[in-house]
There are 2 protein chains.
Amino acid sequence: MAKVLCVLYDDPVDGYPKAYARDSIPRIERYPGGQTAPTPKKIDFKPGTLLGSVSGGLGLRKFLEGLGHAFVVTSDKEGDASVFERELPDADIVISQPFWPAYLTAPRIAKAKKLKLAITAGIGSDHVDLEAAIKRGITVAEVTYSNSISVSEHVVMMILALVRNYIPSYNWVVAGGWNIADCVARSYDLEGMDVGTVAAGRIGLAVLRRLKPFDVRLHYTDRHRLPEQVEKELNLTYHQNVESMVRLCDVVTINAPLHAETEHLFDDALIAKMKRGAYLVNTARGKICDRDAVVRALQSGQLAGYAGDVWFPQPAPKDHPWRTMPHHGMTPHISGTSLSAQARYAAGTREILECWFEGRPIREEYLIVDGGKLAGTGAHSYSVGKRA
Amino acid sequence: MAKVLCVLYDDPVDGYPKAYARDSIPRIERYPGGQTAPTPKKIDFKPGTLLGSVSGGLGLRKFLEGLGHAFVVTSDKEGDASVFERELPDADIVISQPFWPAYLTAPRIAKAKKLKLAITAGIGSDHVDLEAAIKRGITVAEVTYSNSISVSEHVVMMILALVRNYIPSYNWVVAGGWNIADCVARSYDLEGMDVGTVAAGRIGLAVLRRLKPFDVRLHYTDRHRLPEQVEKELNLTYHQNVESMVRLCDVVTINAPLHAETEHLFDDALIAKMKRGAYLVNTARGKICDRDAVVRALQSGQLAGYAGDVWFPQPAPKDHPWRTMPHHGMTPHISGTSLSAQARYAAGTREILECWFEGRPIREEYLIVDGGKLAGTGAHSYSVGKRA
């Protein structure tokens, strides 16, 4: 019997909601392009409820314990004395999430002698040292597409909120004011602007599609060129490199995985090449931006706004400067863990586990590392190499 | 020579920005459907700067004083001792705005013996008693389409922000927390939801177009049916009445003018017909919703969220309950007065004044009341009758 070690974020401070805001969530059966939503044989949870925090346990407890497996769920993941470190040495399977990442570093992988499968309940497995996983023959899988659309909605929301100066204007309401001029002195329309995405994979393309009717000019850069028909349909301008794109853009959104080439991509030098007063939205990974370069650019006015929901490390410390820098619209890492997304990644995690225990192949599109090499989605999205 | 009395919102509390966040705004030459943006012979302002507050004076001072007209600009509009009341009796032209409305009631129109032209620098002339204007032969004009797209962007932003629980999540960042579960216990994806607009005029249709790629089911109700081809393109479901629509919708957005039929349309009875946990976004006019019914619905959970930027009266008093009700995402009335919108409505106001002084006809699409009857846009959008 296996031991499944699952690291999830903390429960709500006031306990689980007595009643949820809504009675149900829409049923999504397919993603754009035709991939089906997760298809586990069964689920033991109600879609639309909290599944991603400790007590929710991804709705897996009944299933795993019913099969006789041990299921350890914790949010305690930092330092040698943490539950995660303590339980890791004899864990067969680790489940973690980008929102509350249990960093599976090379030293930890070395300690986890029995580890055979690392599942990301969500998308983005950069918290796993993929090189170490490859060497050890560990399978790394994630629930590809489960929350891509969720993130793309967050991106569009944040672009509009920065450009239109939403949150400062809301704050005037709460403060009792009616300071129209103060609200709008930094408020613009998105219409007519140049908007570019760094990477046009599932999320980036979904962002482009959602922005199309805003009558903006759309740009992208990616190492994979989109089909010509998509470029035409969305009237996209392709850039071979990010420098050429950011020079022209009023809004830049980052939708790339974190790997050696994207780490600290947005540093002082690249931000200096952007238009003065551009907006930068990063829901990809915090480390793609140089933390202090972003702060400096907001202070100087080189950037008019920065938003996103990814930080490094996570959770962000209380004194992380992105909490207090001017003109930001940050959230904690939540874009991919709406209740709607939780239902999908919980079902997808169950699907992966069902396959694993029954000896059936895990869907190709869920695989990042398998058989000692990058595989499936991993081969498309990740590079393996030393990061700065 | 004419006396032009112009009521604008107050200047920023900290003075005009030393530098604006951005160096320019995109040039918009045409609106959807082909109407041209304002075409004054000349402008004396820099697009992208504050024009809608007192010192900005809509960029009209040089033009008006150059022609020898008197130009009085004030934000002081309430009560008998206000500058507005004092200057009104011998004003030939009144310019006002929805964001800071100088209510031209019947008694005030009776006092304004010389008044011949009332211009709304923006869209929505419900602050003018149209019946009284008709009787007196006053021309009422507004800068149709100048900020329709601005408002539609605000609507989409607010829908996403409510559904995804943006502002409470941002507040956790500022408070130093990383409370993922607290943020997402009320966070959903928009994808797959049913979204309906009350009225599908310029703004409502622009909202529908922008929502289409979010893979939602779109609904509308309006007294004018959209062309069949538009219904097909956007896959719209038409409802003959608002009750039939709100029963089905997860999100309802109000994009109708205020008139006798829409005043207090969303009262306890109609809100009770909505789905439990629906979201309501009203950027049209505050009076279309019953103030206290909205508060009650948020408190009971019948509504999961309410946002918008319109209130009654305006400015909203400090103790207006919409400032403090749960799960709201309100702004002051700013959606139609982004710097981008200001450039267009200032140019449009100038265009109307140029026509007026030169004896040329004002564009048909700008007219609300002319020649003693509803005219142009007014005939399409407004009803004249007693309001509750």
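**Starting from one residue**

A:Glu351 lies in helix H13 of chain A; helices (H or I, at least four residues) and strands (E, at least two) are DSSP runs numbered from the N terminus. Before going on, please keep in mind that this is a predicted model, in which local features need pLDDT of at least 70 and side-chain atom pairs count only at pLDDT 80 or more, while totals for chains, interfaces and linings use all residues; side-chain values use heavy atoms, leaving out hydrogens and water. Residues are numbered from 1 along each chain as its sequence is written, and chains are lettered from A and ligands numbered from 1 in the order in which they are written.

With a relative accessible area of 5%, A:Glu351 is buried (buried is under 20%, exposed over 50%, partly exposed in between, with a 1.4 Å probe and protein chains only). Beyond its neighbours within four places in sequence, A:Glu351 is in contact with A:Pro38, A:Thr39, A:Pro40, A:Arg363 and A:Tyr366, contact being heavy atoms within 4.5 Å.

Now let's step out to the interface. The contact takes 87 residues from chain A and 87 residues from chain B. Together the two chains bury about 7700 Å², 62% of it on carbon and sulfur atoms; this is the accessible area (1.4 Å probe) that two parts lose on being put together, summed over both. A:Arg22, A:Tyr166 and A:Trp178 supply 12% of the area that chain A buries against chain B, more than any other three residues.

A:Arg22 also has a charged partner: its side chain meets that of B:Asp250 in a salt bridge (2.5 Å, N to O). The rule, a side-chain nitrogen of Lys or Arg within 4 Å of a carboxyl oxygen of Asp or Glu, finds eight salt bridges across this interface. Among the elements that give two or more residues to the side of chain A that touches chain B is H13 (339-358), along with helix H5 (148-164) and helix H6 (166-174) of chain A. H5(A) provides the largest share, ten residues. That side of chain A divides into 47 nonpolar, 21 polar and 19 charged residues; Ala, Val, Leu, Ile, Met, Phe, Trp, Tyr, Cys and Pro count as nonpolar, Asp, Glu, Lys and Arg as charged, and the others, Gly among them, as polar.

Across in chain B, helix H6 (residues 166-174) has B:Tyr166, B:Ile167, B:Ser169, B:Tyr170 and B:Val173 buried. These residues are on the same side of H6(B), because they cover an arc of only 160° around the axis, taken from the directions from the helix axis to the C-beta atoms. They pack against H5, H6 and E11 of chain A, together with helix H5 (148-164) and helix H7 (180-184) of chain B. Just after H6(B), B:Gly176 takes a positive phi of about 90°.

To finish, back to H13. The loop between E11 and H13 of chain A holds A:Pro315, which is joined to A:Gln314 by a cis peptide bond, with omega about -5°. In chain B, the loop between strand E11 (303-308) and helix H13 (339-358) holds B:Pro313, and the peptide bond from B:Phe312 to B:Pro313 is cis, with omega near -10°. Most peptide bonds are trans.
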